[in-house]
Amino acid sequence: MRTARPAGIVGYGAYVPRPRVRASSIAAAWGREAAHLPVREKSVPGLDEDAVTMAIEAARGAVARSGVAPDRIRAVWVGSESKPYAVKPSGTIVAEAIGATPWVSAADLEFACKAGSEAMQAALAFVGSGMADYALGIGMDAAQSKPGDALELTAAAGGAAFLFGPAEEALAVVEATASYVTDTPDFFRRQHLHYPEHGHRFTGEPSYFAHSRAASRGLLEGLGRRPADYRWAVFHQPNPKFMRRVAADLGFTEEQIAAGAVVDRIGNTYSGASLLGLAAVLDTAREGDRIFFCSYGSGAGSDSFSFVATPRLAAARAAAPSVDDYLENRRAIGDYGEYLRLSRKIRML
Amino acid sequence: MELPRYHRMRRALYRLEGTSCPSCSRRFFPPRAVCPACRKGGLEPFPFSGRGTLYSYTRITQAPRGFASVAPYAVGMVRLEEGPLVSAPLADTDGIDLSIGMPVEMVTRRIHEASENGPIVYGYKFRPRLRPPRQ
């Protein structure tokens, strides 16, 4: 898919909360072996944080890097599966906090881990159609996982925000995108329940791998490109193994995915995961670098994007903290008990 | 629930919006309606940068009602770059040695929720500045 007018990312911002819990603490609490854990530690929101507060900080970074006056932003779309309110938009709080209200569209999107790239697609289309000059797409999660479940070892907190605008102001221009969706029930959470359920091995081949590969190949074929044409590649990263396997299946190398492999350091930030990887790549990409991006959301589907970094990227970086600044700003949580408290998993009976 | 009050204060709470006096350029936070120096109204909205330095601080262990679940926590007074002195909760201070004069920056966080079925109040806090001051 291509836009009617050329568009791209004019600003980006990331956020990762400071607390980190060791995967070995979680494993020990449930009597699991500490060998072969998927990640060493994962990020956890502080007691005063949620998907909205984290989205606000990422959005501020995106606006700061763009230099765009907030009242010129015409849409604030937040993709998340951990909305603080079941009914009440998160987008209005974010829009108000960055000063984009009141002449702005705002909404929340949900598509499991693909909600963030869904928000990016919508923001890109708003700009690309000529309806607006600037639109913000955010993917942010304080990821939910059932205590004792395998997902608890990786479900983390964080995400990123991308402000889309005209190509001539872009830090990275969008060449084309593709979306690939089927009805595949690999992971879901029913109404009024606290934690999602997943289909164990079913979440792999017919779900994550099939959709990521199809959306990626569709975009590459549409553009007549090969993986070697890209300097960087970012995939949804539920764990280090899945991300590396899908990259290898498609013909991307470790060198291409290393810069965006945020999962290795903080775990799976659900709707935020692929976006955080893209933000990390924009922190290091150089003018002219091609960037391949492919999200995945259970349910299931993938959005793929092809970007080219512009000469404006390097100068914009200093206006907001880098992904690495957030990754370095960490505080180790003492034990599983403190982790339960921070992730509000303790319920008084 | 105090919905109207928090709604009225949302710009100040969410993004540290104060007011400035068009005649003497003094800036106020929290926002004032009348300039005490010029004794005139007609003050204009002023967006504070959120950057400042820690003027004083303390640690709360015996929290007031409604805040016990987040205790212990730190509160402080912050001298904003643009002048005003603001009292506010501090964020992300665990394991950090706070000191008078340290650079801080505004973040928007959850401040309070009266009950599980009530509204969530978001507002400003200050945290140790993540990076050196921007150019």
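Which residues does A:Ser274 touch, leaving aside those up to four places away in sequence? In this predicted model, the list reads A:Val234, A:Phe235, A:His236, A:Phe293, A:Cys294 and A:Ser295. A:Ser274 itself sits in helix 9 of chain A, which covers residues 273-282. With a relative accessibility of 0%, A:Ser274 counts as buried, since the cut-off for that label is under 20%.

Next come some of the helices of chain A, starting with helix 6. This helix runs over residues 240-250, and its buried residues include A:Pro240, A:Phe242, A:Met243, A:Val246, A:Ala247 and A:Leu250. An α-helix makes a turn every 3.6 residues, so residues three or four places apart point the same way. The buried residues of helix 6 of chain A pack against helix 5 (204-223), strand 11 (232-235), helix 7 (254-257) and helix 8 (263-266) of chain A. After helix 6 of chain A comes A:Gly251, with a positive phi near 100°.

Among the buried ones are A:Met120, A:Leu124, A:Phe126 and A:Val127, along with A:Gly116 and A:Gly128. Just past helix 4 of chain A, A:Gly130 has a positive phi of about 90°.

Helix 2 of chain A passes the length check as well: 16 residues at 1.5 Å each should span 22 Å, which agrees with the 22 Å between its end C-alpha atoms. Here 14 of the 16 residues are buried, so helix 2 of chain A is largely enclosed by the rest of the structure. A:Asp50 caps the N-terminal end of helix 2 of chain A, placing a side-chain oxygen 2.9 Å from the backbone nitrogen of A:Val52. Following helix 2 of chain A is A:Gly67, where phi is positive, near 70°.

Now for the meeting of the two chains. Chain A brings 30 residues into contact with 28 residues of chain B. Between them, chain A and chain B bury about 2300 Å², 46% of it on carbon and sulfur atoms. On the chain A side, A:Arg18, A:Asp48 and A:Glu96 supply 25% of the area buried against chain B, more than any other three residues. Nine salt bridges turn up across the interface of chain A and chain B. One of the bridges links B:Arg15 with A:Glu96, and their closest N and O atoms are 3.8 Å apart. There are also 18 residue pairs in polar contact between chain A and chain B. On the side of chain A that touches chain B, the elements giving two or more residues are helix 2 (51-66), helix 3 (91-98) and helix 11 (323-328) of chain A. Helix 2 of chain A gives the most, with five residues. By type, the residues of this side of chain A come out as 13 nonpolar, five polar and 12 charged.

Side chains of opposite charge can pair when their charged atoms come close. Over all chains, the whole structure holds 39 salt bridges. A:Lys345 and A:Glu152 form one of them, at 3.6 Å from N to O. A:Lys345 lies in the segment after helix 12 (336-342) of chain A and A:Glu152 in the loop between strand 6 (134-142) and strand 7 (157-166) of chain A, so the pair ties together parts that are 193 residues apart in sequence. A:Lys345 is buried, with a relative accessible area of 14%, and A:Glu152 is buried at 1%.

Another pair in chain A is A:Asp229 and A:Arg226, whose side chains meet in a salt bridge at 3.5 Å, N to O. A:Asp229 counts as partly exposed at 28% relative accessibility, while A:Arg226 counts as exposed at 53%.

In chain B, B:Glu105 forms a salt bridge with B:Arg127, the closest N and O atoms being 3.1 Å apart. B:Glu105 belongs to strand 7 (residues 103-113) of chain B and B:Arg127 to strand 8 (residues 120-128) of chain B, 22 residues apart. B:Glu105 and B:Arg127 are both buried. Finally, A:Asp48, A:Glu49, B:Asp92, B:Arg109 and B:Lys125 are joined into one network by salt bridges that share partners.

Terms used: Residues are numbered from 1 along each chain as its sequence is written. Chains are lettered from A and ligands numbered from 1 in the order in which they are written. This is a predicted model: local features need pLDDT of at least 70, side-chain atom pairs count only at pLDDT 80 or more; totals for chains, interfaces and linings use all residues. Side-chain values use heavy atoms; hydrogens and water are left out. Contact means heavy atoms within 4.5 Å. Buried area is the accessible area (1.4 Å probe) that two parts lose on being put together, summed over both. A salt bridge is a side-chain nitrogen of Lys or Arg within 4 Å of a carboxyl oxygen of Asp or Glu. A polar contact is a pair of N or O atoms within 3.5 Å; within protein, one must be able to donate a hydrogen and the other to accept it, and residues adjacent in sequence count only if both atoms are side-chain atoms. Helices (H or I, at least four residues) and strands (E, at least two) are DSSP runs, numbered from the N terminus. Ala, Val, Leu, Ile, Met, Phe, Trp, Tyr, Cys and Pro count as nonpolar, Asp, Glu, Lys and Arg as charged, and the others, Gly among them, as polar. The expected span of a helix is 1.5 Å times one less than its number of residues. Buried means under 20% relative accessible area, exposed over 50%, partly exposed in between (1.4 Å probe, protein chains only).
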